[in-house]
Amino acid sequence: MQLQFLGTGAGQPSKARNVSSLVLKLLEEINEVWMFDCGEGTQHQILETTIKPRKISRIFITHLHGDHIFGLPGFLSSRSFQANEEQTDIDIYGPSGIKNFVLSSLRVSGSRLPYRIHFHEFDEGSLGKILETDKFTVYADKLDHTIFCVGYRIMQKDLEGTLDADKLRAAGVPFGPLFGQVKNGQDIVLEDGTEIIAADYISPPRPGKTLAILGDTRKTAASVRLAVAADVLVHEATYGKGDEKIARSHGHSTNMQAAEVAREAGAKRLLLNHISARFLSKDISQMRRDAGSIFEPVHIVKDLEEVEI
Ligand SMILES: [Zn+2]
């Protein structure tokens with residue numbers, strides 16, 4: 001799986017960074033792409049990638065500030081223009097109000113979609129597990145921003161071990177129903193009395209990946225909980241070292257606070273986004289070094305950058 005960052009800026013678009021959006025590409029796992037936030041211009045950013053809009057099956061919204069949702073009406077409308085392709089439904093998860101925003105925008109603009117949107121709204125009283133499929137579980141928890149805002153913890157279920165067919169054949173097991181039994185973990189006895197212990201032919205299960213993708217927030221305990229032992233934590237860094245006071249008053253974090261969260265959570269890797277346009281590239285290098293004094297590995301992502309998880 002990969003994370004691709006479509007917009008890594010804070011508040012408003014700049015030449016270098018568009019407003020918030022990122023995708024989690026799960027093409028090898030489930031042939032789907034999940035989007036997190038959809039700031040204005042997200043569909044233009046998608047044009048610069050290989051992402052097929054109809055593969056985007058779920059959109060998770062962290063909060064209702066414009067720089068995180070104004071791209072939705074445009075994206076959802078364009079997604080339906082691929083008339084020759086199969087139209088697939090989409091699920092949208094987000095704070096109460098997201099349904100009203102999307103449906104009002106579509107209605108007022110006379111937009112009709114040839115696919116269905118399934119809304120899953122939540123508020124402070126209905127957080128926790130918001131999605132469970134056979135391969136993934138997603139949790140949401142409340143962060144500390146100027147309006148209701150959540151972070152997501154995405155947990156891939158452990159991957160089953162794979163059957164070593166060559167080894168099984170070499171042990172004299174004929175291809176057929178016996179193969180299936182061993183694959184299901186059943187021990188078998190061959191006609192000549194040879195015992196086949198299934199566990200010897202199946203690799204042990206591999207742990208699934210865990211990602212924490214947070215919305216805008218001050219430093220808060222919920223961020224640490226969401227990111228516990230995560231393979232990757234995506235955290236905002238709207239402000240730099242020494243800006244703790246102003247960050248707090250605007251409901252945001254500094255790079256240092258993001259690094260503290262990663263360290264306290266025991267995350268394996270930290271990616272910083274939601275970067276203010278006033279930081280130039282030399283400031284960005286300094287921001288990374290400063291954060292690195294608290295937590296490594298840390299990286300400040302750029303628009304369109306793709307990171308293998
Ligand atoms: Zn915000």
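Hi everyone, let's start with helix H11, residues 281–292. At 1.5 Å a residue, its 12 residues should span 16 Å, and the C-alpha atoms at its ends are 17 Å apart, which agrees. The expected span here is 1.5 Å times one less than the number of residues. Helices (H or I, at least four residues) and strands (E, at least two) are DSSP runs, numbered from the N terminus.

Before going on, a word about the model. This is a predicted model, where local features need pLDDT of at least 70 and side-chain atom pairs count only at pLDDT 80 or more, while totals for chains, interfaces and linings use all residues. Residues are numbered from 1 along each chain as its sequence is written, and side-chain values use heavy atoms, with hydrogens and water left out.

Back to H11. Which of its residues are buried? They are Ile284, Met287, Asp290, Ala291 and Gly292. By buried I mean under 20% relative accessible area, with exposed being over 50% and partly exposed in between (1.4 Å probe, protein chains only). These buried residues of H11 pack against helix H10 (255–265), strand S14 (270–273) and strand S15 (298–300). Whenever I say contact, I mean heavy atoms within 4.5 Å.

So let's hop over to H10. Of the 11 residues of H10, 8 are buried, so this helix is largely enclosed by the rest of the structure. The buried ones are Asn255, Met256, Gln257, Ala258, Ala259, Val261, Ala262 and Ala265. Their cover includes H8, strand S13 (232–236), helix H9 (244–249), S14 and H11. At its start, a side-chain oxygen of Thr254 comes within 3.2 Å of the backbone nitrogen of Met256. After H10 comes Gly266, with a positive phi near 70°.

Now for the annotated residues. In the unreviewed UniProt entry, the annotation "binding site" covers His63, His65, His145 and Asp216. These span 154 residues in sequence, yet no two of their C-alpha atoms are more than 10.5 Å apart, so they gather at one spot. From this set, Asp216 is part of the lining of the largest cavity. A word of care: UniProt positions follow the numbering used here, feature names are shortened, and annotations may be inferred rather than shown by experiment. As for the cavity, on a 1 Å grid over the protein atoms alone, it is a set of points where a 1.4 Å probe fits but cannot get out, and lining residues have an atom within 4 Å of a point.

Let's zoom in on two of those histidines. His63 sits in the loop between strand S4 (56–60) and helix H3 (66–69). Is His63 buried or exposed? At 0% relative accessibility, His63 counts as buried. Leaving aside neighbours within four places in sequence, His63 has contacts including Asp37, Pro95, His145 and Asp216. Its side chain also makes a polar contact, at 2.9 Å, with the side chain of Thr62. A polar contact is a pair of N or O atoms within 3.5 Å; within protein, one must be able to donate a hydrogen and the other to accept it, and residues adjacent in sequence count only if both atoms are side-chain atoms.

His145 is in the loop between strand S8 (136–142) and strand S9 (150–156), and His145 is buried too, with a relative accessible area of 9%. The side chains of His145 and His63 are joined by a polar contact of 3.5 Å. Again setting aside neighbours within four places in sequence, His145 touches His63, His65 and Asp216, and its other contacts include Arg218.

That brings us to Arg218, in the loop between strand S12 (210–214) and helix H8 (221–227). At 15% relative accessibility, Arg218 counts as buried. Its side chain reaches the backbone oxygen of Arg248 at 2.7 Å.

Another annotation to find is "active site", which in the unreviewed UniProt entry covers Asp67. Asp67 lies in helix H3 and is buried, with a relative accessible area of 13%. A polar atom of the Asp67 side chain lies 3.2 Å from the backbone nitrogen of Gly11.

Last stop, the cysteines. How many disulfides does a search of the whole structure find? It finds 0, where a disulfide is a pair of cysteine sulfur atoms within 2.5 Å. The sulfur of Cys38 is 16 Å from the closest cysteine sulfur, in Cys149, too far for a bond. Cys38 is buried at 0% relative accessible area, and Cys149 counts as buried at 0% relative accessibility.

Notes:
1 Å grid on protein atoms, 1.4 Å probe; cavity = no way out; pocket = protein on both sides within 12 Å on 5 of 7 lines; lining within 4 Å.
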